[in-house]
Amino acid sequence: MLLAGCGGPQSTLAPDGPAAQAAAWLWWGMFVWFGLVLLLVTSLWLVAWRRRPRSYDAEQARQVGLRWTLAGGVLLPGLSILVLLAFGIPLGLRMLPLPLGGPPPLRIEVTGHQWWWEVRYPETGVVTANQLILPVGQPVDLELASADVIHAFWVPRLGGKLDMLPGRRLTMRLRADRAGPYRGQCAEFCGSQHAHMVLAVEALEMADFNAWQAARRVEPAVAREHAAAVRAFRPYCGECHRVAGISDGRRAPDLSDVGARPGLGAGTLEMEQGAMRRWLREHQRLKPYNGMPRHDRLPEDTLDAIAAWLETLVP
């Protein structure tokens, strides 16, 4: 039971990258050291409690008090600080985006919005939302920014937290050492739907990562049965949402590969049959105050047709 919190998708004690490993070592080091301090202080308290009191004159009492003040108020805290600095500074350096000896790390731009994530791969022009795809074993520099309020980027099993500030771009370096899914979360309260600001992270082998990017550089084809849905989407949704080759909206999540994502609404719904239809009809109930207006002016059959088309956007 006590160790149940050491695992799970958001455990900092189950690291899969060097930055997260450094944070875990720092945590364990602090846990062990301050556990010893607690044991020492508790032992001294028990000894003092069970020991029969002695008689001291004024000078002896002053000297005893001075010794305990120096030992408990100066020596022990000073030693604790030195120990923490001795192993904390080297571990902290492992979390910084310092220059590398080999090829430069991959750059990915991540921008926080209320309440979703915009993800851009500037080297290839790929844009997606609410998901972050990384290559296994390669350092990645995430350039973090905010479009509105303060957010915080956090993928516990890959690295620490870093605030995302409006008007500033900060860099975090991550490396995933194991292929598979991870869970990211905004770690700074950013409004009423802060809890529904989940980032789906997945690490792929390099060949799969290159294929993932290549597939998203191809504009999606529109089947004949979805032509009416696309015509309705352009004027009503395309002013905010981008779909490659169809609309250029930049105010809301890019939908070019929305059908391939694991969820909708930044973790509000899992992507499954009928989820898109439910999201378009009930998004203000499922995620109140999100930036998308109600679709009261669209007939239900048109809305369902748009949902069916969006589900096919799988590169």
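Predicted model: local features only at pLDDT ≥ 70, side-chain atom pairs only at ≥ 80, totals over all residues.
**Exercise 1. The three-stranded sheet**

Task: State which strands form the open sheet of three, and describe how β4 pairs with β10.

Solution: 
- Step 1. The order is β4-β10-β9, with mixed pairing.
- Step 2. β4 and β9 (180-185) stand at the edges. Each has a single partner strand, so one side of each lacks a neighbour in the sheet.
- Step 3. The twist averages 25° from one strand to the next.
- Step 4. β4 and strand β10 (residues 198-204) pair in the parallel sense over five bridges. In β10, Ala200 is the bridge partner of Gln131, and Val201 is the bridge partner of Leu132.

**Exercise 2. An enclosed strand**

Task: Decide whether the residues of β4 are buried or exposed, and sort them by side.

Solution: 
- Step 1. Apply the cut-off: buried means under 20% relative accessible area.
- Step 2. Count. Five of the five residues of β4 (residues 131-135) are buried, so this strand is largely enclosed by the rest of the structure.
- Step 3. Recall the rule. In a regular strand, side chains alternate between the two faces of the sheet.
- Step 4. Sort. Gln131, Ile133 and Pro135 lie on one side of β4, and Leu132 and Leu134 on the other. Both faces are covered.
- Step 5. Look for a cover. α3 lies across β4 and β10, running at about 135° to β4.

**Exercise 3. The nonpolar cores**

Task: Describe the largest nonpolar core, then the contacts of Leu142.

Solution: 
- Step 1. The largest core has 32 residues. Those with the most contacts inside it are Ile108, Tyr121, Leu132, Leu142 and Phe153.
- Step 2. β1, β2, β4, β5, β8, β10 and α3 each give two or more residues to this core. The largest share, four residues, comes from β10.
- Step 3. Set aside neighbours within four places in sequence. Leu142 then contacts Ile108, Val110, Leu132, Phe153, Leu170, Thr171, Met172 and Leu174.
- Step 4. A second, separate core has 24 residues, including Ala275, Met292, Leu303 and Leu313.

**Exercise 4. Helix α5**

Task: Compare the span of α5 with that of a straight helix, and locate its buried residues.

Solution: 
- Step 1. At 1.5 Å a residue, a straight helix of twelve residues would span 16 Å. α5 (residues 275-286) spans only 12 Å between its end C-alpha atoms.
- Step 2. The buried residues of α5 are Ala275, Met276, Trp279, Leu280, His283, Gln284 and Leu286.
- Step 3. These residues cover an arc of only 145° around the axis, which puts them on the same side of α5.
- Step 4. They pack against β13 (263-264), β14 (269-270) and α6 (300-310).

Conventions: Residues numbered from 1 in each chain as written. Heavy atoms only, no water. Expected span 1.5 Å × (residues − 1). Buried < 20%, exposed > 50% of the residue type's maximum accessible area, 1.4 Å probe, protein only. Arc of directions from axis to C-beta. Contact = heavy atoms within 4.5 Å. Pairing = 2+ DSSP bridges. Core = buried A, V, L, I, M, F, W, Y, C linked by side-chain atoms within 4.5 Å. Axes fitted to C-alpha atoms, helices over the stretch in contact; angles between N-to-C directions.
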